[in-house]
Amino acid sequence: MKKTFHINEKRLASVFDRRLFLANIPPMSLMIALLVIVAISVTADMNIPSVIYKSIFYGTYFCVAYSLIACIITGIFADVSIKAHKEHTSIEISDSLLIVSELYQTVRCEGKLRHYKKLWIIDLNDVEDVEYVKNYIIIHGKARYFCQDAEWLGFERTENGVDFDNWWYDSNGGRTVDTIEIHDFYTDGGRIAQRILFCRDKIAERTRRREEYRRQMLEIAKNTKHKRGISEKYKPPYKR
């Protein structure tokens with residue numbers, strides 16, 4: 001049972017679009033005010049000094065330049081952030097494990113971009129509940145939590161769980177948390193929350209069936225009488 005959820009690029013880009021819109025409100029308001037002054041002066045045939053016209057011209061020029069610079073800077077940050085989130089932000093259900101990775105921050109170090117991420121590893125049997133509240137997926141249950149350089153938190157999925165590239169993290173590092181809050185950068189966070197609960201219940205049912213089957217087999221073996229005893233090939237080796 002494996003399922004991986006990746007970010008919705010359009011949804012993440014809309015976050016930067018809103019920030020750009022908010023950043024452009026002051027200069028756009030100033031430009032509108034200056035245009036209103038010019039329109040009133042022209043219609044009313046007012047004799048406005050040339051200094052006022054120069055101020056209006058330079059004010060409009062400043063607003064346009066500010067908006068252009070804001071668009072360029074926001075575009076660069078959005079491109080870097082979306083690429084980093086595509087690589088380091090995901091929700092993965094791998095058999096009985098829930099692995100949540102989320103980009104924390106990106107910094108420039110020694111001329112290179114270095115990404116830091118948050119990583120949670122949860123046993124689905126430990127998940128108590130999952131909620132979707134105000135663009136956040138909230139998972140209640142014990143989990144191992146890491147917040148390190150993304151390169152340090154590389155790992156491989158195995159039958160027994162997760163093996164980190166840095167072996168020290170297999171049994172050390174990180175801390176235990178009881179609640180996880182994930183930003184909803186995905187297509188449908190509410191559906192993901194339901195999927196996690198569905199997989200948790202499915203794993204619990206599978207575990208219950210295995211325990212029941214094992215109990216029945218032990219009961220059968222206990223009630224079975226062997227006339228000749230245990231066959232020689234099944235006897236444990238005798239150590240002298």
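Author: Glu205 and Arg209 are four residues apart in helix H3, with about one helical turn between them; helices (H or I, at least four residues) and strands (E, at least two) are DSSP runs, numbered from the N terminus. The side chains of the two residues meet in a salt bridge at 3.1 Å, N to O, the term meaning a side-chain nitrogen of Lys or Arg within 4 Å of a carboxyl oxygen of Asp or Glu. This is a predicted model, in which local features need pLDDT of at least 70 and side-chain atom pairs count only at pLDDT 80 or more, while totals for chains, interfaces and linings use all residues. Residues are numbered from 1 along each chain as its sequence is written, and side-chain values use heavy atoms, with hydrogens and water left out.

Glu205 also forms a salt bridge with Arg208, with the closest N and O atoms 2.7 Å apart. Those two are three residues apart in helix H3 (residues 189-223), again about one helical turn. Shared partners join Glu205, Arg208 and Arg209 into one network. Arg209 is exposed at 56% relative accessibility, whereas Glu205 is partly exposed at 31% and Arg208 partly exposed at 48% (buried is under 20% relative accessible area, exposed over 50%, partly exposed in between; 1.4 Å probe, protein chains only).

The structure holds 10 salt bridges. Another of them pairs Arg157 with Glu92, the closest N and O atoms being 2.4 Å apart. Arg157 lies in strand S7 (residues 155-158) and Glu92 in strand S2 (residues 90-94), so this pair ties together parts that are 65 residues apart in sequence. Glu92 is buried at 10%, while Arg157 is partly exposed at 39%.
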